[in-house]
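Subject: Structure handover and notes

Hello,

Here is the structure you are taking over. My notes follow below it.

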Amino acid sequence: MKAGNNICVCIANKDADKCRQSLLRHNFAELRADLCNLSLHETENLITVNPNIIFTFRHTKHTEKQALQQTVAAIKKGVKFIDVDINSSETFFEKIITTLKKTSADNRSKLIISWHSNTTPSIKELEEIVCNCRKAGADIVKIVPTAANLEEASRVLQLYGREKSAAKRSSLIAFAGGEIGSFSRIACIGLGAPFTYCYSDKPIARGQLSIRQMTKELYGSGSLIYKVPNISESLLFSNFTTAANSTKNEAVSIEIPCSKSIAQRALVAAAIANGESILRNFESCADIKSAIEFVRKTGGKVKVLHNKSSMPEETLLRINSCGINKWTKFSSVNIGESALLTRLLIPLSAYAISYGHSPLNKLKISINGSGSILSRDFKATIQALKNAGINVRATKKGQKQGLPITITTAKFNNKISLSGKDSSQFISGLLITLPLLDNDTILSVKDAVSIPFLKLTAKVLEAFGIKVPYRHTNRKIVFSIKGGQTYRAADIVLESDWSSASNFAVAGAIASYLANKKQCKKRLCINNLTKQSLQADKRITEVLKLADVKINHRMNKLLIQASTLKAFCFDATDSPDLFPILTTLAVYCNGESRIAGVHRLINKESNRAIAILQEFGKMGYCIHIEGDTLVIRGHNGISITTTKEKDSRKIICCSSHNDHRMAMAIIICALFRNNVNATNTQIHLDNIACIAKSFPNFINLFRFK
């Protein structure tokens, strides 16, 4: 399929010659006659310019006569499609149907009956509207309500999952209007729509994408493209999907890198301490490198060491620091793309400027970054830290407040009461900083999210001699922090990363499920995963158990095996990073899975809620939002666009949205897709370099041939 055959370009020039030029330039176009203000003669001439034209005249009571005249003329000239609003008068419809019947079958225009609204009704009402359009004689039904929020936009896409046949899905164009609905204009193609709409020169509706944007989304940009291999090409998993050659319950093993979340906290603590700290089980990634650069900025020395006497050989990180009171002067920090590091350093920088005998006294510090973090909104963080007594200013970007962020001074309050509903990371920054003060502090956090990460911060600080005791009740946590504490250099082992492990845990579950279908018993073993870890994403084991996956976790070895994959319900409010990979798990389960905590997805490396709906929609998976819950209809990985005639798309181009967790989840979903869909569809991914943010060795662990 050539690029553009399923992309209809809307033409709305008021000059007939410009309309002609646009119609000649594009494979497939909609001529919006009502916006072009064409005469009957101009309409008749333009219809012959391009064989693939949709003729549309949105009319009012006053322009109905003109609309009818031109639409009839377009039919007689053999236009490929006409678009008629379902709310047109009975007289209008009768004349159109009569004209169509008089046309020979070979030349008859196809009738698109469309429905538009400024509001989005319930899914039941939407289904009734589709039914009414079909009863009125539609060859293709077009449904476009304006969405007020993401839930409404995703509701429109539900229509595809509720159609019982591929024929009906392929005769339905359903997406949401408005800015929030832009993603649905893309996802509808993956769910079965015969084509979607975009603009050539300027948008004629809110949320409409340009031809360049739409082509990139559906066909790729031509650069930085990664073709996801089939699982048969992975030496790690290929024997899971071949015919049974052994009855032995065999296990393959992998190692996961250290937790970047723990490593970053430990590096900041080591920079504050006076002396030599050692971080064991070290493996670098982009976010950890940013933390290392910060330590060096303060005057600390950081070196990677290799303990060859250990079995297996261990990599260590050695940090030598003179302590926070002797930090080298600096006025700026680059945190790369790490939101965690940003939020840890704002309170700490304010302390270094304002308290004690630090050489940074009376300076100001600017925090900046690169890549996706430059579009992140830190408004909630900035306001919360101002409430805590920090003078901090962010750069205004429209409605957002983001990097660069400037910190000047601080006068921390003795009692700090904050809301933690948006993030826990800035609270971790306060926990690192407040023990350095002369006075004691009561830090009270209500509506706290990601509470496990706060407890993790407390545990890391304890290793460096700092105590931040707390009382935890439901979503409220209160820290009683003694002032005048001193950081001591530490020698600690960095836990392996449960966030990274979650990707392979899900891959192992899917692979062993497929192996079981071939009467072959296989297990995946992930080594060095701390069973008593406080990492939030350790809860992946809970989800897998809910999905009926057998989990055996002992001696820090996690064994995973599945004979079935059942739908599950899980609250990911405290573990939002699990959302992308849990979506992959859910589409391979049988039944409707529900994941709560969607509000935590908005301000990540991407808007992950939109990214999930768009990219998994491209691959043909039905997903929508209900309130704060992501709802996924799983059919053991089978796409709704896969029929007995097979999915006609040879290539599906997905985007990582420059988000490491989205990229990994899409790759794992795509690895097994052809095994369950009996197709040869290739999944292309626009950018996998972003994976280096947390898991640079991710692709290598699959050991692709």
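The expected span of a helix is 1.5 Å times one less than its number of residues. Helices (H or I, at least four residues) and strands (E, at least two) are DSSP runs, numbered from the N terminus. For helix 11, with 13 residues, that rule gives 18 Å. Its end C-alpha atoms are 19 Å apart, which agrees.

Before the rest, the ground rules. This is a predicted model, with local features needing pLDDT of at least 70 and side-chain atom pairs counting only at pLDDT 80 or more, while totals for chains, interfaces and linings use all residues. Residues are numbered from 1 along each chain as its sequence is written, and side-chain values use heavy atoms, with hydrogens and water left out.

Helices 11 and 13

Helix 11 covers residues 260-272. It is mostly covered: 13 of its 13 residues are buried. Buried means under 20% relative accessible area, exposed means over 50%, and partly exposed is in between (1.4 Å probe, protein chains only). Ser 259 caps the N-terminal end of helix 11. A side-chain oxygen of Ser 259 lies 3.3 Å from the backbone nitrogen of Ser 261. That is a polar contact: a pair of N or O atoms within 3.5 Å; within protein, one must be able to donate a hydrogen and the other to accept it, and residues adjacent in sequence count only if both atoms are side-chain atoms.

How does helix 11 pack with helix 13, and at what angle? The angle is about 25°, and the axes are 10 Å apart. Helix 11 is therefore roughly parallel to helix 13. Axes here are lines fitted to C-alpha atoms, for helices over the stretch in contact, and angles run from 0 to 180 degrees between N-to-C directions. Angles under 35 degrees count as roughly parallel, over 145 as roughly antiparallel, 65 to 115 as roughly perpendicular and the rest as oblique. Helix 11 passes helix 13 in a right-handed crossing. A crossing is right-handed if the near helix is turned clockwise from the far one by less than a right angle, and left-handed if anticlockwise. Helix 13 runs over residues 339-354.

Helices 15 and 16

Helix 15 (residues 425-433) packs with helix 16 (residues 451-463) at about 25°. Their axes are 10 Å apart. That makes helix 15 roughly parallel to helix 16. The crossing of helix 15 past helix 16 is right-handed.

Helix 7

Helix 7 takes in residues 150-162. Its 13 residues reach 19 Å from first C-alpha to last, close to the expected 18 Å. Where is the kink in helix 7 centred? On Val 156, with a kink of about 30°. The bend at a residue is the angle between axes fitted to the seven residues ending there and the seven starting there. Asn 149 caps the N-terminal end, with a side-chain oxygen 3.2 Å from the backbone nitrogen of Glu 151.

Ser 512 sits in helix 17 (residues 498-517). Its relative accessible area is 2%, so Ser 512 is buried. Its side chain reaches the backbone nitrogen of Ala 562 at 2.8 Å.

Asn 677 lies in helix 21 (residues 660-677). At 3% relative accessibility, Asn 677 is also buried. Its side chain reaches the backbone nitrogen of Ser 639 at 2.9 Å. It also reaches the backbone oxygen of Arg 673 at 2.9 Å.

Backbone points to check

Most residues other than glycine have a negative phi, and most peptide bonds are trans. The bond from Leu 403 to Pro 404 is cis, with omega near -5°. Pro 404 is in strand 17 (residues 400-410). Gln 519 has a positive phi of about 60° although it is not a glycine. Gln 519 lies in the loop between helix 17 and strand 23. At 65% relative accessibility, Gln 519 is exposed. Asn 636 has a positive phi too, near 55°. Its place is the loop between strand 29 (629-635) and strand 30 (651-654).

Lys 518 lies in the loop between helix 17 and strand 23 (522-527). At 39% relative accessibility, Lys 518 is partly exposed. Its C-alpha is 8.7 Å from that of Phe 240, 278 residues away along the chain.

Best wishes
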